[in-house]
Amino acid sequence: MITHSTDSHRSAFFSEVIEDTPGGEQLAHCLQCGSCGGSCPNGADMQYTPRTIFAMINANRREDVLSANTMWCCVSCYFCTTRCPQQIPITEIMYALKRKAIAEGFANDTDAPALAKTFTGFVEDYGRSFEFGLASRYYFFNKPLSMFKLVPMGLSMLARGRMHLKPNKIRQVAQLQAIIKKAKEIGGAQ
Amino acid sequence: MKYAYYPGCSLESGSAAYDVSVRAVADALGFELEELDDWNCCGATEYFTQNELVATSVIARNLAICREDQTQLVAPCAACFLNLKKTDQLMATHSHVKCQVNEALAAGGLHYDPGRVKVRHLLDLIYTDIGEAKLRQKAVKSLKGLRVAPYYGCQVVRPMNGFDNTEYPMKMDELFTWLGAEVVDYPVKAHCCGGHMTQISEDAAFELIRRLLDSAVEYQADLILCMCPMCQLNLDAYQGRVANHFNKNYQLPIIFFTQLLGVALGLDFQQLAIGKEIVPAGPVIQAKLSAQAAGASA
Amino acid sequence: MAERVGVYVCHCGSNIAGKVDVEEVAKWAGEHVKDVVVARDYKFMCSDLGQKMVEDDIKNEGLTRVVVAACSPHLHEKTFRRACKNGGLNPYLLEMTNIREHCSWVHKDTAAATEKAKALVSAAAERVKFQEPLEPTYVDVNPTTLVVGGGIAGLQATLELADAGYPVHLVERQPSIGGHMAQFDKTFPTLDCSACILTPKMSEAGQHENVTLHAYSELEEVSGSVGNFKVKIRQKARKVDFDLCTGCGVCVEKCPRKVVDTEFEAGMGNRKAIYMPFPQAVPRVPVLDTESCIWFERQRCGACQKLCPTNAINFEQEDELIELNVGNIIIATGWKPFDCHKIPQYGYGRLANVYTSLEFERLCNAAGPTNGKILLRDGKTVPKSVAIIHCVGSRDLNHNPYCSSVCCMASLKFAHLVTEKTGAEVHSFYIDIRTNQKDYEEFYQRLLDEGVHFVRGKVSEVTDAARSENERGKLIVQAEDTLIGRQQRFPVDMVILMGALEPQTDARELGLKCGISCSMAGFYTERHPKLDPVATMTDGVFVAGACQGPKDIPASVVQGAAAAARVAGMITKGKVMIEPVVAAIDEENCSGCRICNNLCPYNAIEYDAQRGVSHVITALCKGCGTCVSACPAEVISGAHFSNKQIYAEIEGALWDAIRPAGVPGESETAEVSAS
Amino acid sequence: MSTKANSAETGAAAPATKGKLAIYWAASCGGCEISILGIDTKILDVAAAFDIVFCPCIADGKVRDVERMADGEIDVCLFNGGIRTSEQEYMAQLLRRKSKVLVAFGSCASEGCIPGLANLHSKQAIFDNSYQDTFSTENPGKVRPQPESKVDEGTLHLPIFYDTLKTLDQTVQVDYYLPGCPPEADRIWDAIEAIVTGNLPPAGSVIGSNTTVCDFCHRTRTEKKIKEFKRTWEIIPDPDICLLEQGIICCGIATRAGCGCLCPQVNSPCIGCYGPNGNSEDFGARLMSALASVIDSDDPDEIDEIIRKGIPDPVGTFYRFSLAGSLMRRGKRPGAGNGTGHTKANAQAS
Amino acid sequence: MSDEQFEPKIVGFLCNWCSYRAADLAGTARIAYAPNVRIIRVMCSGRVDPTFVLKALSMGADGVMIAGCHPGECHYIEQNYKAMRRFNMLQHTLKAMGVEEQRVQLVWASAAEGQQLAEAIDKLVADIRALGPLGWSKNWEENGERIKALQDIVNEHNEAMEVPR
């Protein structure tokens with residue numbers, strides 16, 4: 001019935017972020033209580049806690065936010081989201097920030113985008129993903145050195161028939177690709 | 001009872017053990033899982049970091065290809081469960097998402113009305129639809145003597161499971177108490193296993209894994225029960241390296257809850273793919289249960 | 001014969017005239033609105049001269065209806081009704097339309113604003129023609145008052161009225177009056193002992209000649225209306241004869257059955273099956289709890305009965321219903337504590353040494369289970385470090401969105417008591433410290449001197465999962481210290497949860513009985529948040545204390561006194577006016593379909609089975625008009641808001657819209673004659 | 001021509017005291033005429049009191065005869081049926097002119113009745129449906145009725161078909177109303193008596209009672225709370241309890257008494273043919289308001305569910321007899337997403 | 001009203017205790033909103049009879065707003081729920097008549113929500129402006145040939161009369 005105004009005097013970046021996050025309007029209500037930063041399993045490693053990030057978004061500090069490591073610490077455990085007293089969809093906002101960071105080439109000192117790309121690469125080719133390809137391709141291109149550390153583990157996995165060497169392909173790959181193509185058109189490929 | 005079944009990629013590769021045990025348990029408990037025809041990957045958390053609409057559309061395809069009569073979709077994998085449920089909810093609560101996703105689906109000749117398919121997690125199904133009475137009746141082998149640490153992880157219970165507490169879930173605890181196991185009530189049962197951090201920043205991931213293993217050990221658990229392939233992989237496959245990293249020595253088997261449930265239902269390890277895990281669980285279960293049996297007969 | 005309508009358009013200085021062309025509006029009304037015989041605009045209609053103008057026109061121009069286009073009727077309807085009265089016209093033949101708040105102040109374009117003003121005036125003018133003269137009725141006020149709730153707010157109200165010489169019936173659900181305040185140890189910010197200042201009031205109420213105490217009783221039913229309520233009170237069976245009992249306490253002493261006291265001791269201590277909640281209880285008559293009594297379990301024991309020197313114990317005693325007539329009702333039913341189990345991450349109920357604020361009050365109360373010693377659950381260890389968590393279930397959309405307003409000060413009090421009694425290190429975790437009353441901020445300053453650590457951050461979880469040796473065996477409080485922007489872990493021995501203040505579980509139920517409404521949260525809604533804070537929408541029913549919203553002791557006392565003052569006012573006036581804006585059923589044509597019967601929240605509609613018709617009890621009707629619009633036979637009429645009046649208003653408001661065709665005389669009619 | 005001369009020509013033998021009665025039939029089913037015959041032998045008394053000067057359905061008589069009459073020459077005209085064509089409007093105007101007292105006779109004339117339900121759709125939609133889209137229609141030439149058709153003898157005119165059906169009083173001034181589909185014989189007789197004896201209510205009002213059907217219903221009533229509206233075929237209602245309280249939508253609560261509560265007596269709900277009670281403006285609105293008020297839920301979704309499930313055809317339920325005469329009008333999207341979309345025309349429109 | 005754009009005429013039924021006061025508040029706070037809504041005060045949204053809405057529409061209004069206290073906060077305890085039920089019922093019927101839902105809107109606004117009420121009004125006006133005029137009062141009127149057709153009948157009959165008998 002009654003719609004709350006989201007435009008008004010918000011910072012440009014603020015509007016941008018909630019634009020990109022379903023339910024993001026709640027961000028306007030952040031109390032700066034820090035229950036998010038306190039809840040995060042990786043909270044200790046963050047250079048800015050989510051709460052701080054929100055304050056920075058409000059202050060329109062675009063660059064600082066997008067170059068922060070905060071969202072890359074997020075493991076989508078949703079503790080912050082369920083605990084937030086203002087019901088801000090924090091995890092989703094982290095996704096939104098990740099998307100922006102990647103799109104605008106901020107995310108350089110993390111391997112997450114690479115992993116993501118490799119992963120979705122498979123999905124778009126086969127319709128499904130599979131660990132071996134994922135691991136091998138991802139590590140080969142991104143952290144060849146640490147590959148060796150993985151060998152014993154890989155082997156034991158292999159030994160237990162837990163590593164398939166070829167992926168399963170879905171029948172309707174074409175259909176899926178069409179959907180993805182369309183979605184990218186509408187959503188503006190990021 | 002008949003449900004549409006969405007195994008998800010891990011269950012057909014790395015975590016086949018989960019898939020095998022799920023199907024075995026389904027047979028034993030007498031409910032039917034019909035694999036969703038030509039399902040595609042849910043994109044885990046990876047699509048959301050790139051393009052929200054693509055992410056939701058890719059997921060929505062799976063909901064859209066459900067037949068009219070497939071109104072309940074069961075996903076054992078946490079990430080799949082959350083993604084499917086989340087997408088359905090997003091479409092239901094945000095009309096623009098609904099429109100855009102359907103526009104995308106239309107490109108593949110598909111359409112989905114939010115709410116048509118009810119996304120369920122396997123645990124919910126077994127706990128609610130099968131229920132205590134039936135389980136007790138079907139259970140042929142008591143799990144007495146076995147100290148199990150139910151591990152829920154994150155994405156089944158949060159942000160929206162609709163069947164258990166998001167902070168301190170109890171359903172798996174109850175389920176295995178029914179089956180006679182000693183359930184250890186340890187504080188971190190719904191904390192994070194590190195997720196894909198194992199791939200990105202091992203130090204971060206190892207710390208998280210350590211917390212879980214430590215706590216379980218502190219509470220003298222014989223094994224940890226998982227309901228998510230990623231959790232199982234991290235706790236099991238990385239256990240050795242985590243041990244070295246903090247120079248400790250864990251020997252804590254990590255299996256899927258359906259595997260132990262199967263044991264209680266009288267299925268043998270083969271049928272349940274027990275032995276696929278890296279830290280072997282078979283011997284532990286054997287030892288504890290027979291010890292108990294011996295104690296009982298003596 | 002046609003009405004003679006006078007239209008008055010106010011400039012309100014430039015407030016209206018600045019945006020609306022008032023002269024034009026008045027001129028237009030005079031020329032275009034049917035039956036308008038006088039149309040004037042004036043600088044300030046509410047001024048004496050403005051009112052005089054209306055009076056004179058009524059007298060000289062023989063106006064039969066008056067329209068004033070000015071500000072909100074909520075501001076000046078009374079004013080102009082008076083003017084009409086003085087002019088000899090029934091006040092209800094006035095209609096005010098709001099061209100200031102609803103027009104000149106909210107529209108940018110003068111032309112548009114003027115157009116709207118015209119529409120509003122025409123609407124009012126069309127409506128007023130159908131308005132009817134109404135006469136308010138007056139009823140006598142019964143000087144007896146019912147006070148529901150024997151907490152500090154209720155006590156205050158009771159004593160104010162009783163001392164003023166008016167009879168009061170005080171109803172309390174618990175075995176003793178005193179409320180939550182009786183459980184407390186000290187009161188902020190002065191730290192004087194709660195019992196010391198409360199018990200005198202309690203005993204005074206217990207002995208006062210004008211006060212009739214109904215402890216261990218509940219309000220069952222309310223009927224009637226302002227001035228003359230009929231109330232039913234359920235006196236729950238104590239199983240102890242009130243008149244015979246001397247309060248010697250032998251029964252309690254001899255009772256073999258011990259149970260945990262979840263009420264007064266908040267689960268921290270025990271009581272007997274027959275008990276007096278606390279030593280200074282008023283009335284000093286024990287209550288037998290049949291749930292736990294051995295006699296009611298298996299007809300054995302009966303020690304109390306055997307040993308009572310006055311044979312006051314009566315196992316057969318039943319609840320009894322007491323009927324009273326009262327003129328006014330004061331609701332002071334207070335609050336209930338938030339159930340901390342609802343926030344599992346704080347571990348209450350799972351981790352032994354996590355306490356609720358009420359538990360802690362008992363813990364440091366000299367008369368409490370540990371005689372005022374602050375100890376862990378093991379009953380011997382003194383905590384070396386204590387964490388206090390604010391806003392547990394308050395300021396949290398997942399539980400209660402509102403601020404519970406007392407927790408900040410209470411937590412400061414606790415911090416002080418802990419440091420004073422144990423010397424333990426205290427961490428107090430807050431979102432904002434709110435100390436906005438006299439001497440509260442000073443108290444905060446004092447605590448800062450006492451070396452309490454205030455950590456700005458809402459605690460994320462309390463756990464016993466140690467990550468390092470120094471955490472082993474401790475409760476670890478994990479939170480972000482937002483002032484340094486870092487996640488921190490604080491190992492402590494004891495955690496105190498400052499749970500929210502919530503409305504009583506049956507608040508809505510009681511509200512319905514008395515015909516008063518609740519906010520979303522479930523606190524009673526006052527008539528006006530600023531200007532009428534203790535009255536409610538139901539005349540003769542007042543609210544005081546935490547049942548109207550979270551409040552500390554001083555604020556509750558103020559409201560108790562305020563409510564009493566309002567009631568005293570009603571009583572001294574002796575009569576009360578009843579608005580004539582009510583519904584009426586044309587019983588001649590009512591067919592008794594009974595659609596309307598359960599639509600009235602005030603039960604003002606009664607079905608007469610004999611005659612097979614429904615009728616309205618005028619004294620109970622509040623004039624909302626819901627039944628009027630529900631009546632399928634259109635035989636219920638609403639005074640001052642009749643269908644005729646509203647239809648006319650609609651038509652007037654749309655004077656400039658295209659009229660429908662099909663209505664004879666309008667649109668092109670095609671009368672063709674057969675030559 | 002003078003009135004006298006004229007009367008001499010037509011109703012020759014008529015004694016001066018005998019009044020002149022006209023009965024006309026516009027857009028209606030003819031049931032009203034049957035009902036008039038329902039007054040049985042009393043018809044003779046009518047004949048005694050009146051010359052029936054014009055009644056195409058029972059006696060021969062030409063429009064031109066009426067045209068020839070002097071204005072106001074007819075004492076009473078019972079006009080049934082709504083106005084759907086130019087001819088009907090012409091007759092309405094003609095008879096209005098010629099009659100002292102014009103009575104809107106029956107539901108059609110008073111409020112549009114069943115023919116009025118066609119107002120859900122435009123003329124276009126109706127023609128498409130009846131001349132094209134119904135499955136049983138073969139009309140490759142897309143033939144439609146034409147107002148003008150040239151023949152050798154000249155041009156023939158058909159009355160034109162209006163976009164909407166109007167009630168009599170939306171076309172001409174009406175003196176009295178006699179509701180009912182059809183009006184009960186007894187009520188008709190009451191009305192005729194009233195007219196003859198001249199003790200009539202104020203002009204423009206309904207000749208009939210001012211209470212509702214419930215007044216004459218024997219069923220026991222208690223307070224109403226409705227959790228589910230039921231269709232008549234869904235349950236066999238208890239014969240002694242208020243139908244509404246059993247979930248069946250009974251219009252008796254809002255319908256003017258007069259029929260003697262016929263339907264509820266045979267365990268079937270009142271459908272409101274006697275129209276609204278008192279001087280209420282909109283029968284449907286009265287029903288909607290009353291029924292909605294007693295829905296037993298405060299949750300918007302549940303309320304919606306109850307309404308959608310229980311009342312698939314709201315217009316047909318609330319305005320079965322009164323659509324044309326009500327305040328309700330069709331929107332720009334005729335029949336969009338409504339419960340009455342059972343014709344192809346409609347299906348396309350929506 | 002300025003320039004060419006369609007200015008809908010809207011009638012608003014506001015309850016005396018919450019929404020009417022919300023409108024007062026919007027005024028005292030000088031929150032500007034569209035001037036198209038003409039406010040009619042009723043004691044409670046529970047007084048709003050579907051007839052009022054239909055009356056307004058048939059009198060030429062393009063839309064109607066019904067505003068009351070938030071559910072659970074009604075000053076008459078629960079009467080706004082009746083308003084809600086009637087609103088849903090009326091919407092159901094209007095929909096069947098092909099009237100767009102946005103034309104009649106139900107709004108909850110507490111006495112403190114001047115801003116929200118103003119926004120709701122602006123939204124309502126925008127919605128209806130987008131829909132264009134309702135034209136209820138018009139669509140009962142007849143197609144143009146009507147007059148001619150009537151005249152034709154007269155002429156025909158006149159001709160017929162000239163036939164000698």
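In chain B, helix α2 (residues 16-29) packs against helix α12 (residues 257-264) at an angle of about 40°, and their axes are 8 Å apart. This is a predicted model. The crossing of α2(B) and α12(B) is left-handed. On the α2(B) side, the contact is made by A17(B), Y18(B), S21(B), V22(B) and V25(B), while α12(B) contributes F257(B), T258(B), Q259(B), L261(B) and G262(B). Classified by type, the contact of α2(B) with α12(B) holds six nonpolar and four polar residues, with no charged residues.

The axes of helix α12 (residues 407-422) and helix α13 (residues 440-449) of chain C come within 10 Å and cross at roughly 35°. Here, too, a left-handed crossing is found, with α12(C) passing α13(C). The residues that meet are M409(C), L412(C), K413(C), A415(C) and H416(C) in α12(C) and Y440(C), F443(C), Y444(C), R446(C) and L447(C) in α13(C). The contact of α12(C) with α13(C) divides into seven nonpolar residues, one polar residue and two charged residues.

Chain C also contains an open sheet of five strands, in the order β20-β27-β21-β22-β23, with parallel pairing. Strands β20 (354-356) and β23 (453-456) of chain C each have a single partner strand and therefore stand at the edges, one side of each being left without a neighbour in the sheet. On average, neighbouring strands of this sheet are turned by 20° against each other, direction ignored. Within the sheet, strand β21 (residues 385-392) of chain C runs parallel to strand β27 (residues 494-499) of chain C, and five bridges join the two. I388(C) has I496(C) in β27(C) as its bridge partner.

Turning to the contacts between chains, seven pairs of chains touch, and the most contacts among them are between chains A and B. This contact takes 64 residues from chain A and 66 residues from chain B. About 5,800 Å² is buried between chain A and chain B, 57% of it on carbon and sulfur atoms. Five salt bridges are found across the interface of chain A and chain B.

For chain A and chain C, the contact takes 23 residues from chain A and 18 residues from chain C. These two chains bury about 1,600 Å² between them, with 39% of that area on carbon and sulfur atoms. The count of salt bridges between chain A and chain C is two.

R83(A) takes part in a salt bridge with E167(B) and also in a salt bridge with E461(C). Within chain B, D38(B) forms a salt bridge with R61(B). That pair links distant parts of the chain, 23 residues apart: D38(B) is in the loop between β2 (32-35) and α3 (52-64) of chain B, and R61(B) is in helix α3 of chain B. Over all chains, a search of the whole structure finds 99 salt bridges. The named pairs are set out below.

| Salt bridge | Closest N and O atoms |
|---|---|
| E461(C) and R83(A) | 3.1 Å |
| D38(B) and R61(B) | 3.0 Å |

Other chain pairs have no contact. Chain B and chain D do not touch, and their nearest C-alpha atoms are 14 Å apart. Chain B and chain E likewise have no contact, their closest C-alpha atoms lying 16 Å apart.

Notes. Residues are numbered from 1 along each chain as its sequence is written. Chains are lettered from A and ligands numbered from 1 in the order in which they are written. This is a predicted model: local features need pLDDT of at least 70, side-chain atom pairs count only at pLDDT 80 or more; totals for chains, interfaces and linings use all residues. Side-chain values use heavy atoms; hydrogens and water are left out. Two strands pair if DSSP finds at least two bridges between them. Helices (H or I, at least four residues) and strands (E, at least two) are DSSP runs, numbered from the N terminus. Axes are lines fitted to C-alpha atoms, for helices over the stretch in contact, and angles run from 0 to 180 degrees between N-to-C directions. A crossing is left-handed if the near helix is turned anticlockwise from the far one by less than a right angle, and right-handed if clockwise. Contact means heavy atoms within 4.5 Å. Ala, Val, Leu, Ile, Met, Phe, Trp, Tyr, Cys and Pro count as nonpolar, Asp, Glu, Lys and Arg as charged, and the others, Gly among them, as polar. Buried area is the accessible area (1.4 Å probe) that two parts lose on being put together, summed over both. A salt bridge is a side-chain nitrogen of Lys or Arg within 4 Å of a carboxyl oxygen of Asp or Glu.
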